[in-house]
Amino acid sequence: MFWAAFGHNKRSNLVTIKGDPDAPLRRVTAKRYIEVLTEYLPTILDFDSIFMQDNASIYIARLVRNWFEEMAIQLVDWPPYSPDMNPIENLWKMLKAKIIELHPELIFMKDNDTTRQHLIDAAEEAWELLEEELLNKLALGMQNRIDALKAAGGWYTKY
């Protein structure tokens, strides 16, 4: 699983979150997520920042909610069934396109450890090549997303 965050004139590293070997199916857990947040979130947050994430189960786990509360980091409060308005979803799509542009061979490679490492390296390369102007445009457009969601009464918008 990849994790990254950005804001106006700020971006974290692109981080690969490894699955927890002690978890069922070795999935990424809230504990692993908190490790990433602890290391990387302070590099991009200001004292008045509001952090945005979706309602994925590890993101809303009690352990994670408590961590944000202890760190006094304000979160966007999404309704449980709202459309995903987080601009990073747009950025993930653009990142995938950049990865394929730079490394089209990944499409046909077998699923194995070598290919996974190649994908990680390609994703990190592509992340660094995403232009700051693009990230700023997405960050600054957040108010438009919120206004559109309110106008639509919590239903779908063009975002």
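Student: Which residues are buried in helix α6?
Tutor: Bearing in mind that this is a predicted model, the buried residues in helix α6, which covers residues 142-151, are M142, R145 and L149.

Student: And why do they line one face of the helix?
Tutor: If you look down the axis of α6, its buried residues fall within an arc of 55°, and therefore they line one face of the helix.

Student: What's on the face of α6 turned away from that buried side?
Tutor: That face carries K150 and A151, both of which are exposed.

Student: Why does E128 count as exposed?
Tutor: The relative accessibility of E128 is 52%, and because exposed means over 50%, E128 counts as exposed.

Student: Is S57 buried or exposed? And where is it?
Tutor: S57 is exposed, its relative accessible area being 60%, and you will find S57 in the loop between β5 (50-51) and α2 (62-70).

Student: How far apart are S57 and A30 in space?
Tutor: From C-alpha to C-alpha, S57 and A30 are 8.5 Å apart, while in sequence 27 residues separate them.

Student: Last one, which residues form the nonpolar patch on the surface?
Tutor: That patch consists of I100, I107 and F108, which together have about 340 Å² of accessible area, and one of them, I107, sits in the loop between α3 (88-102) and α4.

Key. Residues numbered from 1 in each chain as written. Predicted model: local features only at pLDDT ≥ 70, side-chain atom pairs only at ≥ 80, totals over all residues. Heavy atoms only, no water. Buried < 20%, exposed > 50% of the residue type's maximum accessible area, 1.4 Å probe, protein only. Helix = DSSP H or I, 4+ residues; strand = E, 2+ residues; numbered from the N terminus. Arc of directions from axis to C-beta. Patch = residues over 30% accessible without salt bridge, like charges linked within 9 Å, V, L, I, M, F, W, Y side chains within 5 Å. Areas by Shrake-Rupley, 256 points an atom, 1.4 Å probe, with all protein chains shown as cover. Salt bridge = Lys/Arg side-chain N within 4 Å of Asp/Glu carboxyl O.
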